[in-house]
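Trainee: I have never looked at this structure before. Could you show me how to read a few of its features?

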Amino acid sequence: MSSPPPAAGSGASPVVRTDRPDGSAAACHALRVRLTTPSGAAETARRWEAITGGPLWVEQTPALAGSDAARVRRRREMRRPVPAAQGLRGVLIRHPDATDLVVVACRDVLRRDGLRQLAAAVAGSGEPRPLGPVPTPDGTGAPAAYPVPVPSWGFGDARCDRSYAEWEMPLDEEESADPAVWSAALAVLLDHYDDEDRPTPAAIAVDGGDPVRLSDGEPAPPGAAALLMWIESDARDGADYLPFLAPPAELTILARVTGHGGRRLQIRHRLRSVSPAMAQQLTAHLREAQRSIGRGESADARILDSGERERILALGRSPRPAPVTSARIADAFRDRAAATPSAVAVSDEDTTLTYGELERHANRVAHGLRARGVQDGDRVGVHGERCVALVAAVLGVLKAGGVYVPMDPGAPADRLRWIGADASLRLVVTTGGAEGENLGAPVVSVDELDRDGAGYEQGPPTSGVRPADAAYVIYTSGSTGRPKGVLVSHNNVTALLDATRDGYRLGPDDVWTFFHSLAFDFSVWEIWGCLLTGGHLVVVPYWVSRSPEDFRDLLGKRRVTVLSQTPSAFTLLAEADRERCDPLALRLVVFGGEALQTRTLLPWLDRHPESQCRLVNMYGITETTVHVTEHDADRGAALAGSRSVGRALPGWEVRVVDSRGRLAPPGVAGEIWVGGRGVALGYLNRAELDAQRFVADADGPGRLYRSGDRGRMHPDGSLDHLGRIDSQVKLRGFRIELDEIRAVAAECPGVRTAVVVLRRSDPGDAATARLDAYVVLDGIATQQVRDHLAARLPEYMLPATLTELTELPLTRNGKVAVDELPLPVLGPAPDAPAAEPSPDDGLSDQLRAVWQELFGFAVGAGDNFFALGGNSLLAVRMAALMRERGLPPLHPRILYLNPTVGRLAEALRA
């Protein structure tokens, strides 16, 4: 158990103590007075017994009253709580040169004035009056129980159940002695520290009075405050008074501003709720707030001075330096190819290219593009399934001076046409199969471009594109109902490699997988992370990426060393790995795209310890170039269930900002803002959105991206990602604006209103996450809405359920009351259409058995897979079950187009 670091200038070492098992110490206070009357111990004891009805303990000590030993003895007696059933205890300590009376009482028995009156009467200087029967707080001898309000910013350790730390620091002479100033400072502090969704219960007590809630001035029940400030501003009798023997709140700050015994702050905090670092930080911020008020800045009092602000900003930067290079991606690849021309660069099931061959192939493609009119800065669509030719196409566009725009072949045609028009594409390069499609621009195949550029393989066309110019545009979900394009520069990408190359030991011995869609920015990390460090990029066929067992085979066969995965996909891979005993060459797995449930990694770590395979959890955003932070998801993090995404990459920086744009202290939740070398150029054709999300850095020359993500920083600079502030969610690695789905649904004639929510029935199983849509209809059926959505949204954005309501429940503010939305009915539809008669080959019955095992309830031949609650991850599991039972292979698109057992069986037969 760690102690807090001593505060600057405190002159005292912090102490960690343990409360009594019954917790009575927090309910007790103590008083020590020096007796000046000449009466002996017997007479003093008689007066005590006459007043209290109980005995007075008398102890003789040879230590002089001013000695260290005597002070320790008095302190020990004052800190020994009295059981609630007893209520009161007195001890007479007789030194050779003085006598001290120590009185300890439950606060419900005697308040501070009562303690003083009792001590005076026992000393013979006050009127003795019997106390009568000693009451107990609830008549049972036990202190009243109240829920423990744990502060959201505390970062405590639940293992330290009854332990608390205490330490103190001196106050400066210029620091106010006015309780009103300290009360105002506490209010300022809470204004900065309070979580908007979970305010900190705080109370304040002045000169022994009862604590009152800071929010409304009403009495605060004992133990009901997470933060208690106790101000002692009077000095009566020179007595030594302890207002509590253990912290009555999770964090208690005692301000002694009397001058008696030294002006100082005493801080006590329960380690289960408040860490030492957070207690010290909060106390420093409280002092700055009262200094600010004392200087007359109460209208805009601050808690951070310039030095503290810089300390917090520094926490958001990586402690590791990184080289800073500036180069176009194509030039960096050219240099790599020149260094290792015969090394394998990329391979798929049918083709393998060395670095030299890929360089020449891409040069021909680039010249072919120039021959078709592509100029510097022109945007060129790239369309096709993952293969070697797709990599050559992307590299060729960059060599031609163009900006590549990924176009996912799995997206609906309407969405692809819209992207083509919005990006003003000069051409669309395809790997085949899209020549006849309307993609918003002329379509040309990679093979045609390769032929057009024959004879120009020795070098790319001359280009004036600079490293600071755009390299690609990736479209992400947008709240307006249409996706928005993010412009990312060459320098952004090379900065990502500068930040990770050395720390992850990326080099020519590595084998990477190209697993993700080109339209998902994980592909940027996979392609260029591999090819710009000399690795071998293995293209994962679409079907293999949808089969965890086949993908596990590929990892072993190709000796893959570096893998990028969303946690959802990795969960399925880990399940497939459990059944295997052949070794893997994996040394690095990078997670991203969605929240990682670290406890789910324990079975993998049992088979692949971190000494062999490093697991890294990375938080990232398309607008800040794939990755922002890094955190080793080792066994310790998994056992603790860590939510941390770690510290910023070298060259990146993160900060947490409150709703008013103020820098939030560590521990306080707010919006994550990202700065540094990864910040993208902005949005394509979205000047207004640019101005909202990309803002000038008031503390430096660069720009910051307002992520819309909610987070909080730890005192060590690591970041917790706490979800979204707005309606954006991440589902299986894809960033989705719920408002985009709602807007598309609302465009359907007959839809009066709609809302979409994300639900996860099992937090530990990503496959249970799904999108639920609710609609109010006017004369149409829900199937018409499904068809409308399917024609306009990619598969990953389609709601798993669609529920019709007569009206949407609303809050008092007129917003949809999400918590009042009914759960969609998951199960076979009562009016599901019967399946058409089909050949009696048993396939329908076998499929129905697979579905019943998957969903856990009986299904009919006419039930819709997605209406039952199915999603893409469950589809992958279904494909695995079908393969185990010897059924035909299942492509997700076939299931999507044929979502009932009957129709799917017919499609598989065909």
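Predicted model: local features only at pLDDT ≥ 70, side-chain atom pairs only at ≥ 80, totals over all residues.

Trainee: Which residue does Asp510 form a salt bridge with?

Mentor: The partner is Arg587, and the closest N and O atoms are 2.9 Å apart. Asp510 sits in the loop between helix H12 (490–500) and strand S21 (511–514), while Arg587 sits in the loop between helix H16 (567–578) and strand S24 (588–591), so the bridge ties together parts that are 77 residues apart in sequence.

Trainee: Is Arg587 buried or exposed?

Mentor: To read this, compare the relative accessible area with the cut-off: buried means under 20%. Arg587 has 16% relative accessibility, so Arg587 counts as buried.

Trainee: Where do Asp100 and Arg34 lie?

Mentor: Their side chains meet in a salt bridge (2.5 Å, N to O). Asp100 lies in strand S5 and Arg34 in strand S2 (residues 28–35), so parts 66 residues apart in sequence are tied together. Asp100 counts as buried at 0% relative accessibility, whereas Arg34 counts as partly exposed at 37%.

Trainee: How many salt bridges does the structure hold?

Mentor: There are 66. Some are linked in a network, which joins Asp172, Glu175, Arg287, Glu288, Arg291, Arg295, Glu297 and Arg302.

Trainee: Which residues does Val103 touch?

Mentor: Setting aside residues up to four places away in sequence, Val103 touches His29, Ala30, Leu31, Trp48, Leu88, Arg89, Leu115 and Leu118. Val103 is found in strand S5 (residues 99–106) and is buried, with a relative accessible area of 1%. Val103 and Arg32 are 71 residues apart in sequence, and their C-alpha atoms are 6.5 Å apart in space.

Trainee: And how do I read the whole protein?

Mentor: Look at its totals: the protein has 25 helices and 38 strands, and buried residues make up 56% of its 910 residues. Among contacts with a separation of 6 or more, 70% are between residues 24 or more positions apart.

Conventions: Residues numbered from 1 in each chain as written. Heavy atoms only, no water. Helix = DSSP H or I, 4+ residues; strand = E, 2+ residues; numbered from the N terminus. Buried < 20%, exposed > 50% of the residue type's maximum accessible area, 1.4 Å probe, protein only. Contact = heavy atoms within 4.5 Å. Salt bridge = Lys/Arg side-chain N within 4 Å of Asp/Glu carboxyl O.
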